[in-house]
Amino acid sequence: NKDFTVVVISKSGTTTEPALAFRIIKQVLREKYSDEEIKKRIICVTDEKKGALRQVADKEGYRSFVIPDDVGGRFSVLTPVGLVPLAIAGVDIKAMVDGARQGVIEYSKLNMETNIAYQYAAIRYLLYKQDKTTEVLSSFYDNLQYVQEWWKQLFGESEAKQGKGIFPASLVMSTDLHSMGQLMQDGMRNVFETFLDIDRPYDALEIPEDAENLDNFNIVAGKDLDYVNTQAYRATASAHFEGGVPNMSISLCQADAFHLGQLYYLFERAVAVSGYLLGVNPFNQPGVEAYKKKMFALLGRT
């Protein structure tokens, strides 16, 4: 019994997952709204001139935004692919783009002493040459979880070619410390870790004092819960390092739109350099087509 709008994002309009999801959602829309109302409730992000979704948008009169021809899917967070749904969700996309522009200024400088995007790419490459073939992106801030998910696609799809590449994984702390902590501490030593940290979280939550103090945590009563979070991060980084897991940290002043835009550009710049260090093209994805061909054959789709 909710009103809703759908944003369908596909350059071709023939990719399996968005195409089938769009079919199902469009059927629900038709059962709920008039044709005129549906036109207000479908937004297409697709190719400017060609493709199935472009044909549908033009024929039905749906609002549409253009996916640039020269930007691959995993690099498209700062195009309408990412910006349209972010704007609808209430994110300040102008601030995000401003942050990315600041990233262009900061991370285009050919100075290894100040350019942390190049430092990050270089450190990853040096560790890879030492048989550290898995990178775990960890954060003690669960609002960064989907940044981590995006990062996995960005690095996995950009680097992994010709039998090369670092396997990208992610952990949301401290939840995953209870499920993956043993592996990180004592497992195979082919792993290194990058922490995403936030200097100033938005929310504060004071830890209350307890009269009985049976859990013996009155020692932190009156402190912000993030104080404990910070100590957990420091302890984890130290313990993992001592256990043979090299690690580094990238810190954001705040997880706001501006700094996330800057972070997105940092990673995009770094993965390009990283791909070239490995001797692969970071902007193509030939291996992705292999499963699609087999799936289309099994579905009987030509």
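Student: How do the axes of H8 and H9 cross, and within what distance do they come?
Tutor: In this predicted model, the axes of helix H8 (residues 177-186) and helix H9 (residues 225-242) come within 9 Å and cross at roughly 30°.

Student: Parallel or antiparallel, then?
Tutor: Angles under 35 degrees count as roughly parallel, and H8 and H9 are therefore roughly parallel to each other.

Student: Which residues meet there?
Tutor: H8 contributes Leu 177, Met 184 and Gln 185, which meet Thr 236, Ala 239 and His 240 of H9. The residues of this contact of H8 with H9 divide into three nonpolar, three polar and no charged.

Student: Moving on to H1. What span should it have, and how far apart are its ends?
Tutor: Helix H1 (residues 16-32) has 17 residues, which at 1.5 Å a residue should span 24 Å. The C-alpha atoms at its ends are 25 Å apart, which agrees.

Student: Which residues of H1 are buried?
Tutor: Thr 16, Phe 22, Lys 26 and Leu 29 are buried in H1. Seen down the axis of H1, the buried residues fall within an arc of 165°, so they line one face of the helix.

Student: And what does the face turned away from the buried side carry?
Tutor: That face of H1 carries the exposed residues Ile 24 and Glu 31.

Student: What covers the buried residues of H1?
Tutor: The cover includes two strands, S1 (6-9) and S2 (42-46). It also includes helix H2 (35-41), helix H3 (52-60) and helix H11 (288-299).

Student: Now H7. How many residues does it have, and how far does it reach?
Tutor: Helix H7 (residues 145-159) has 15 residues and reaches 21 Å from its first C-alpha to its last, close to the 21 Å expected at 1.5 Å a residue.

Student: Which of its residues are buried?
Tutor: In H7, the buried residues are Val 147, Gln 148, Trp 150, Trp 151, Leu 154, Phe 155, Ser 158 and Glu 159. They cover an arc of only 160° around the axis, which puts them on the same side of H7.

Student: What do they pack against?
Tutor: The buried residues of H7 pack against helix H6 (116-128) and helix H10 (257-278), and against strands S4 (134-139), S5 (167-172) and S6 (191-198).

Student: Where is Lys 152 found?
Tutor: Lys 152 is found in helix H7. Its relative accessible area is 25%, so Lys 152 is partly exposed.

Student: What is Lys 152 in contact with, leaving aside neighbours within four places in sequence?
Tutor: With those neighbours left aside, Lys 152 is in contact with Glu 157, Pro 168, Ala 169 and Ser 170. As for Phe 75, that residue lies 77 residues from Lys 152 along the chain, and their C-alpha atoms are separated by 12 Å.

Student: Another one: is Gln 262 buried or exposed?
Tutor: Gln 262, which lies in helix H10, is buried, with a relative accessible area of 14%. Leaving aside neighbours within four places in sequence, Gln 262 is in contact with Gly 99, Ala 100, Gln 102, Gly 103, Glu 106 and Tyr 107.

Student: Last residue. Where does Asn 281 lie?
Tutor: Asn 281 lies in the loop between H10 and H11. At 35% relative accessibility, Asn 281 counts as partly exposed.

Student: And which residues is Asn 281 in contact with, leaving aside its neighbours within four places in sequence?
Tutor: With those left aside, Asn 281 is in contact with Ser 158 and Lys 161. Ser 158 is also one of the buried residues of H7.

Key
Residues numbered from 1 in each chain as written. Predicted model: local features only at pLDDT ≥ 70, side-chain atom pairs only at ≥ 80, totals over all residues. Heavy atoms only, no water. Axes fitted to C-alpha atoms, helices over the stretch in contact; angles between N-to-C directions. Helix = DSSP H or I, 4+ residues; strand = E, 2+ residues; numbered from the N terminus. Parallel < 35°, antiparallel > 145°, perpendicular 65-115°, else oblique. Contact = heavy atoms within 4.5 Å. Nonpolar A, V, L, I, M, F, W, Y, C, P; charged D, E, K, R; others polar. Expected span 1.5 Å × (residues − 1). Buried < 20%, exposed > 50% of the residue type's maximum accessible area, 1.4 Å probe, protein only. Arc of directions from axis to C-beta.
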